[in-house]
Amino acid sequence: MSRPFPDLVQLFDGFPAPASDVGLGRFCALPVPGYPFCAVGKDVNGRPVLLIQADNAQPGTAAPLALEHLEVIHLVNCRVQSPNAAEMNRTLTVVRCTGADRDLHEYFLRCLHPIVASLSANPSRQQISDAVERLIDLFRQLAEAPRKTVAGLWAELFLLSQARDPARLLAGWHAMPEDRFDFASGMDRLDVKAAFGGLRMHHFALEQLRPAGQTRVVIASLLTDRAEGGSSVNDIVDSIRSRIADPGLLIRLDSVVAQTLGQDWRTMRQGRFDLQQATHTLRFVEAAAIPSVPIPTPREVSAVHFRVDLSQHALPFPDALMEGSELFRAALPDRAT
């Protein structure tokens, strides 16, 4: 288990913005606990900034960048004021959230977790540039069309949060949200299906249930519903983060979430689903045991999709299959260990 990462939203809310008459180049900031080379701050408009120590940064080139909601400037001479300390002049990389939206501020602060965790204690200019580029990629996704519903993403994240080995499972998570299967490793494929309204009714592509060659497929089936007091995508992402130490995997986690939701990024906090119901109804079943249309289909027929009602169907647990695959074993609920 990784060490707890500080709540940067809480840290940000805990101190005031600098006085409005001191100028745009001043910040009120506090070091990130455990990461003294980074500080979370506020500018004179109360907008969040990440300040990365660059006094001893190694030579390199890094041009400033401005996106719709993000601004990055390297090697800035700043005057930084801590709430309980004197002002200091520092050379910093300044990453500023330029939007005035509180939801956007929280998104920015939450995205900083793996970015900060990926930096060394004395980061070079190139390391800083690489880390900031990852943050830039996440913000670029905010302008993209969503590729999957928040409910579908929630179900995948739920499986990751419950998994015996979330790091191993996350390493096999799809690179693109529209991939045929949610998780893959070698010849093994795992797909998550969530149903709503009490019926275990799932939508399949024929290739998911009857794949070609030696591919082995397991379906993770669960039931859930929207619930005001349920868990959001943000809640489940936090749960996954608490169990993974590798910053690279954490960046991958945030990247796939951002790619999936795109312009619907606000649903990460707003969409809530019944965690207990999902936990109690999670089942694993071999794809070959699920009813399907007859195969082979006529040569003229392709892209076959259909729904299967598994509400009254036996869902035998594929013991041998699960034990014989590193990917499938990693997906088993942690409570089973």
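**Entry 1: ring pairs**

I count rings of Phe, Tyr and Trp (its six-membered ring) as a pair if their centres lie within 6.5 Å. With that in hand, I went through this predicted model and found that it holds 11 aromatic pairs.

Next I took Phe196 and Phe273, whose centres are 6.1 Å apart with 55° between the planes, and I logged the pair as tilted. Which parts of the chain does this pair link? Phe196 is in the loop between strand 8 (188-195) and strand 9 (201-205), while Phe273 is in strand 12 (residues 272-273). They are 77 residues apart, so I noted a link between distant parts of the chain.

One more item on rings: I found Tyr107, Phe108, Phe139 and Trp265 linked into a cluster by ring pairs.

**Entry 2: a lysine over two rings**

I went back to Phe12 and Phe15 to look for charges. The charged end of Lys42 sits over the ring of Phe12, 4.7 Å from its centre. Lys42 also lies over the face of Phe15, at 5.4 Å from that ring centre.

**Entry 3: the cavity**

I searched the whole structure for cavities of 30 Å³ or more and got one. The largest cavity has a volume of about 200 Å³. I listed 16 lining residues, and those closest to the cavity centre are Tyr107, Arg110, Cys111, Asn234 and Met268. Tyr107 is a name I had already written down for the ring cluster.

Which elements give two or more residues to this lining? My list reads helix 2 (102-117), helix 7 (233-241), helix 8 (247-261) and helix 9 (267-270). Helix 2 provides the largest share, with five residues. By class, I noted eight nonpolar, one polar and seven charged residues around the cavity.

**Entry 4: the pocket**

I then turned to the largest pocket, with a volume of about 560 Å³. Its lining has 23 residues, and nearest the centre I found Lys148, Asp191, Val192, Lys193 and His203. Helix 4 (150-162), strand 8, strand 9 and strand 14 (305-309) each supply at least two residues of that lining.

**Entry 5: strand 10 and its partners**

Lys193 took me from the pocket into the sheet, where its bridge partner in strand 10 is Ser221. Strand 8 and strand 10 run parallel and are joined by eight bridges. I then looked at strand 13 (residues 283-286), which pairs with strand 10 in the antiparallel sense over four bridges. Ser221 turned up again, this time standing opposite Arg283 in strand 13.

Why did I note strand 10 (residues 216-223) as largely enclosed by the rest of the structure? Seven of its eight residues are buried, and buried means under 20% relative accessible area.

In the loop between strand 13 and strand 14 I stopped at Pro296. A cis peptide bond joins Ile295 and Pro296, with omega at about 0°. Ala303 is in the loop between strand 13 and strand 14 as well. Its phi is near 55°, and I flagged this as a positive value in a residue other than glycine. With 55% relative accessibility, Ala303 counts as exposed.

Further along, I looked up Gln312 in the loop between strand 14 and helix 11 (319-323). Its relative accessible area is 79%, so I recorded Gln312 as exposed.

**Entry 6: the whole chain**

The chain comes to 12 helices and 14 strands. Its C-alpha trace spans about 75 × 40 × 40 Å along the principal axes. Of the 337 residues in the chain, 48% are buried.

Note on methods
Residues numbered from 1 in each chain as written. Predicted model: local features only at pLDDT ≥ 70, side-chain atom pairs only at ≥ 80, totals over all residues. Heavy atoms only, no water. Phe/Tyr/Trp six-rings, centres within 6.5 Å; stacked < 30°, edge-to-face > 60°. Lys NZ or Arg CZ within 6 Å of the ring centre and 35° of its normal. 1 Å grid on protein atoms, 1.4 Å probe; cavity = no way out; pocket = protein on both sides within 12 Å on 5 of 7 lines; lining within 4 Å. Points joined across faces, edges and corners; volume = space filled by probe spheres on them. Nonpolar A, V, L, I, M, F, W, Y, C, P; charged D, E, K, R; others polar. Buried < 20%, exposed > 50% of the residue type's maximum accessible area, 1.4 Å probe, protein only. Pairing = 2+ DSSP bridges.
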